[in-house]
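My notes follow in the order I checked things.

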Amino acid sequence: MTVKENLRPGGRSARVQASVHKAVRELMAEISRADVTIPLIAGKAGVTPSTIYRRWGDLQELLADVAVDRLRPDMQPIDAGSGKADLETWADQYAEEMSSGPGREMIRDVLAAQAGANACKCAEFTRQQIDVIAERAKARGEAFPDVDRVMDQVVAPIMYRILFGDVPATARVRDLVARVMSATD
């Protein structure tokens with residue numbers, strides 16, 4: 001079942017989403033993840049379990065929706081003075097955040113959901129961040145690689161290491177950035 005979009009942003013639907021998301025975050029901080037259930041979430045959020053099932057379908061879709069909300073960037077990438085420096089700074093931060101315990105947990109939640117819409121949202125958040133860096137570099141008159149190239153040659157290897165290996169070392173992340181940037185020179 002797919003996650004339904006808010007039909008009335010700011011209305012009852014938005015209030016329900018906010019209270020359910022808050023309940024999930026609080027419960028995940030209080031008890032073991034394995035013990036979190038829709039009835040517990042509903043009770044804490046002040047809604048009926050049927051409200052949650054109707055909107056999200058199942059627990060995994062709800063957890064994915066909460067994870068996507070938490071993975072949404074809350075600030076623009078840091079302006080470090082050049083496209084390469086901006087991308088290095090962003091990639092270092094991205095690798096660190098995504099490879100942290102909470103980061104890995106959110107990635108698992110997003111990928112475990114049946115609907116792929118949440119994973120697409122996360123990819124779009126990343127593209128938007130790289131787009132900001134690219135536009136900034138172009139405004140400075142610098143050459144900057146295509147966003148898809150950065151996704152393929154920087155983001156994808158970082159994510160692969162996080163999913164199937166270990167924390168990508170800073171030196172490895174910087175090497176990825178150096179390679180993609182040198183291809184644009």
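I call a residue buried when its relative accessible area is under 20%. The model is predicted, so I keep that in mind for every value below.

**Entry 1**

I started with I41. Is I41 buried or exposed? Its relative accessible area is 0%, and under 20% counts as buried, so I41 is buried. I find I41 in helix α2, which covers residues 38–45. I then listed what touches I41, leaving aside its neighbours within four places in sequence. The contacts of I41 are V20, A23, V24, L27, V36, I52, L59 and L62. I also checked I41 against S19. The two are 22 residues apart in sequence, and their C-alpha atoms are 9.4 Å apart in space.

**Entry 2: the whole chain**

Next I stepped back. I count nine helices and zero strands in the protein chain. From the N terminus on, the elements run α-α-α-α-α-α-α-α-α. The chain has 185 residues, and 41% of them count as buried. Along the principal axes, the C-alpha atoms fill a box of roughly 60 × 35 × 25 Å.

**Entry 3: aromatic pairs**

A pair of aromatic rings is described by the distance of the centres and the angle of the planes. How many aromatic pairs does a search of the whole structure find? It finds two.

I took W90 and Y94 to begin with. Their ring centres are 4.8 Å apart and their planes stand at 20 degrees, so I log the pair as stacked. Both W90 and Y94 belong to helix α5, residues 83–99. They are four residues apart, about one turn of the helix. Both W90 and Y94 are buried.

The other pair is Y160 and F164. Their ring centres are 5.0 Å apart and their planes are at 50 degrees, so I log the pair as tilted. Y160 and F164 lie in helix α8, residues 147–164. Here too the spacing is four residues, about one turn of the helix. I note that Y160 is exposed, and F164 is exposed as well.

I also checked for a charge over a ring. The charged end of R55 sits over the ring of W56, 4.9 Å from its centre.

**Entry 4: helix α4 and its partners**

Two packed helices are described by the angle between their axes and the distance between the axes. I applied this to α4, residues 59–71, and α6, residues 101–112. Their axes come within 8 Å and cross at roughly 130 degrees. That angle makes α4 oblique to α6. The crossing of α4 and α6 is left-handed. On the α4 side, Q60, L63, A64, A67, V68, R70 and L71 make the contact. On the α6 side, I list M106, R108, D109, V110 and A112.

Then I turned to α4 and α7. Helix α7 spans residues 117–139. How are α4 and α7 set to each other? Their axes come within 10 Å and cross at roughly 5 degrees. The two helices are therefore roughly parallel to each other. From α4, the residues E61, A64, D65, V68 and L71 take part. They meet N118, K121, C122 and F125 in α7.

Definitions and conventions
Residues are numbered from 1 along each chain as its sequence is written. This is a predicted model: local features need pLDDT of at least 70, side-chain atom pairs count only at pLDDT 80 or more; totals for chains, interfaces and linings use all residues. Side-chain values use heavy atoms; hydrogens and water are left out. Rings of Phe, Tyr and Trp (its six-membered ring) pair if their centres lie within 6.5 Å; planes under 30 degrees apart count as stacked, over 60 as edge-to-face and the rest as tilted. Buried means under 20% relative accessible area, exposed over 50%, partly exposed in between (1.4 Å probe, protein chains only). A charge sits over a ring if NZ of Lys or CZ of Arg is within 6 Å of the ring centre and within 35 degrees of the ring normal. Axes are lines fitted to C-alpha atoms, for helices over the stretch in contact, and angles run from 0 to 180 degrees between N-to-C directions. Angles under 35 degrees count as roughly parallel, over 145 as roughly antiparallel, 65 to 115 as roughly perpendicular and the rest as oblique. A crossing is left-handed if the near helix is turned anticlockwise from the far one by less than a right angle, and right-handed if clockwise. Contact means heavy atoms within 4.5 Å.
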